[in-house]
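Please look over the sequence and the structure shown here. The report that follows takes up side-chain pairs, strands, cores and a few backbone details.

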Amino acid sequence: MKKLLRYALLCAVAMCSSAAMAATTTVGNENNTTEFWTAFSDYYAIGPNKTLTLKFKNYSNKAFNYCNWAVVVATDADRGADSYSEYCVLRADNWAWQGALNTGAESSHDWFTSLTSNYNWDTFLADMDGSDVVMTIKRQESEVTIHADITTAAGASYYEEFVINCGEATSTLRAFLTIEGGHLVIDDDATLLTDTNTPTSIIGSEDNTTAFWSAFSDYYTIDPDKTLTLKFQNFSNKSFNWCNWAVVLATDAARGTDGYSEYCVLRADNWAWQGALNTGAESSHDWFTSLTSNYNWDTFPADMDGSTVVMTIKRLNEVVTIHADITTAAGASYFEDFVINCGEGTQPIRAFLTIEGGHLIIDNTATTITDTEVPPTITIEGEQLGSTDLTDGFWSVFSDSYTLQKNQVLELDFTNYTDKAANWDNWAVVVTTDADRAAPAPAPAFGPLLAETEYAEYFVFRADSYCWGMFGNSNPDDAAYYEGYQLTNNFNWDTFKDDMNGAKVKLTVTRDGAKITAHADVTTVGGTEYFEQLVVDNCGDGEQAIRAFLTVDHSCIDLTKHEITNNPNPSTGISTVKATDNTATVRYNLAGQRVGADFKGVVIENGRKVMVK
């Protein structure tokens, strides 16, 4: 047999460029009479930290379990050469050997790490005949993992996996397939040699001197209606706000090629561009849908250095949403959210990360591509708050303001819909002084009560039991919170995002003097009931009017009831006050006659009997 040594990606290039080479290669006799060690595939060279992927169809005479595929990992030499040595021969029937050693109970097991599978041995012979096999041989340092996903002709799925150390991490290995009592049909077009997905990847210079557009992550291909999730740590030299991560969405082409075009470059500092267009005040804003964040710009450079970022890039039709949850080294939480249309929604797009003035450490084990969850069909029966595509960002959509006088109750009934990207992607209720809403969106800054004609928030109460306002916020690190708010709930946080989608909410805002109670009864689509309640004391003087309104964040509300009634059980609001009388003391004797200060005996003074001596 002619030996063809395929090194690195040259194997794929050769297959694509040679019209004479067939799309498939058959190994063994098609009548399944192949004898042991007589038929072999081509050699496949696997360099350090590379992963080989093979796809083939397996046929068997079904005489014995071993009448199926086998894979060999060896030194970088031809079979029979002096330098040829086998690290392992792994058979499809969960059996492997290395020279005189094997995986049987009688053999030493310290020559390999693990061998696992989930076959049904009662049906194994029939299952393997005509099965499709996708095999990966992954090198990571000196460790080699052989993993085979097997799909039977009837559609059942199995796997087999073998882990072994193979020589020095810097050497080149060879792999090849063989078979006994059957034959293989290899899909040559599916043969790939790629970089092994190592646990972490470092992007940029670790001394944070990375120049602009000089360091990039791998490309991530996102097909229509898929969601890419990335997790990485961001490090910055803190010189400028832009010395942090950036993410790029582009056409499905390599940078610099004719087919490459960028839909957007989004930076960590709430700035984005598309060619000559950007998100600045001087630029046209019709090229993107929204850009929101809740950073503290006073601490932004320090916050971002060493922060952990979980980023989702969600495609649904032509709409792409980039959402980043940022946790600082000190534990503070922020987010950034960007929505844009990318093409027709029918073609793959690419995403990649870059950085300037810093470096990234990407957690490759957390990289996933999943189906984008299609939001529920939303039917509006009452007043609609928020778009049904759930793309409205924080502090962008508001209900009417409802004015509450002393000891009144606001009752709101609504159905809540959420994109389920984050716990806070739900409704929130805001209670303020009797003034128009201030713009831009207020930050959670706290201070003394303003005059009733000035806009100030007593509290913003989110559906995920988080609040802020004049008395601090519900972060346990904020000591002021414990003095100003009493917050309770009985949510199941493991199911909270799903529970809130389509949930029925009965929300009441009750005034009792200067005390305001916001109480929500939540009933999920499945009928589970929850509640949450916030009590805030000292909201004004209890006499002046207040206002309340709803807002949403990547959610939608179907408001079916809003009603203001009187509080049926208000407290009196009267406290005993001991006043000081600055006038002269007046005394009367027991006959009711007024007496002077020199009178001795029992007198009536300020309504009480007093003995004067």
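## A pair within one stretch of chain

At 37% relative accessibility, E563 counts as partly exposed, where buried means under 20% relative accessible area, exposed means over 50%, and partly exposed lies in between (1.4 Å probe, protein chains only). The side chain of E563 meets that of K561 in a salt bridge with an N to O distance of 3.7 Å, a salt bridge being a side-chain nitrogen of Lys or Arg within 4 Å of a carboxyl oxygen of Asp or Glu. K561 is likewise partly exposed, at 26% relative accessibility.

This is a predicted model, in which local features need pLDDT of at least 70 and side-chain atom pairs count only at pLDDT 80 or more, while totals for chains, interfaces and linings use all residues. Residues are numbered from 1 along each chain as its sequence is written, and side-chain values use heavy atoms, with hydrogens and water left out.

By the salt-bridge rule the count comes to 16. One of these joins K50 to D195, with the closest N and O atoms 2.5 Å apart. Because K50 lies in strand β4 (residues 50-60) and D195 in strand β15 (residues 192-195), the pair ties together parts that are 145 residues apart in sequence; strands here are DSSP runs of E with at least two residues, and helices are DSSP runs of H or I with at least four residues, numbered from the N terminus. K50 counts as partly exposed, at 27% relative accessibility.

A salt bridge also forms between D434 and R547, whose closest N and O atoms are 2.7 Å apart. This pair links distant parts of the chain, since D434 sits in the loop between β33 (427-433) and β34 (457-462) and R547 in strand β41 (residues 546-552), 113 residues apart. D434 is partly exposed, with a relative accessible area of 26%, whereas R547 is buried, with a relative accessible area of 17%. Elsewhere, D76, D78 and R174 are linked in a network of salt bridges.

The antiparallel pairing of β30 with β42 runs over 3 bridges, and the bridge partner of E383 in β42 is L559.

## The sheet of 6 strands

A further open sheet, of 6 strands, has the order β17-β27-β19-β20-β21-β22 with antiparallel pairing. Its edges are β17 (220-222) and β22 (277-278), each with a single partner strand, so one side of each is left without a neighbour in the sheet. Strand β19 (residues 245-251) and strand β20 (residues 262-267) run antiparallel and are joined by 5 bridges, with V265 in β20 as the bridge partner of V248.

## Nonpolar cores

The largest nonpolar core has 40 residues, of which F414, W427, F459, L507 and L550 touch the most other members; such a core is a set of buried Ala, Val, Leu, Ile, Met, Phe, Trp, Tyr and Cys residues joined through side-chain atoms within 4.5 Å. Leaving aside neighbours within four places in sequence, L507 is in contact (heavy atoms within 4.5 Å) with residues including L410, F414, W427, H519 and L550. A second, separate core of 39 residues includes L52, F124, I164 and I179.

## Loop residues

Most residues other than glycine have a negative phi. D225, in the loop between β17 and β18 (226-236), has a positive phi near 60 degrees and is partly exposed, with a relative accessible area of 31%. K420, in the loop between β32 and β33, has a positive phi of about 65 degrees and counts as buried at 16% relative accessibility.

How values were computed: Pairing = 2+ DSSP bridges.
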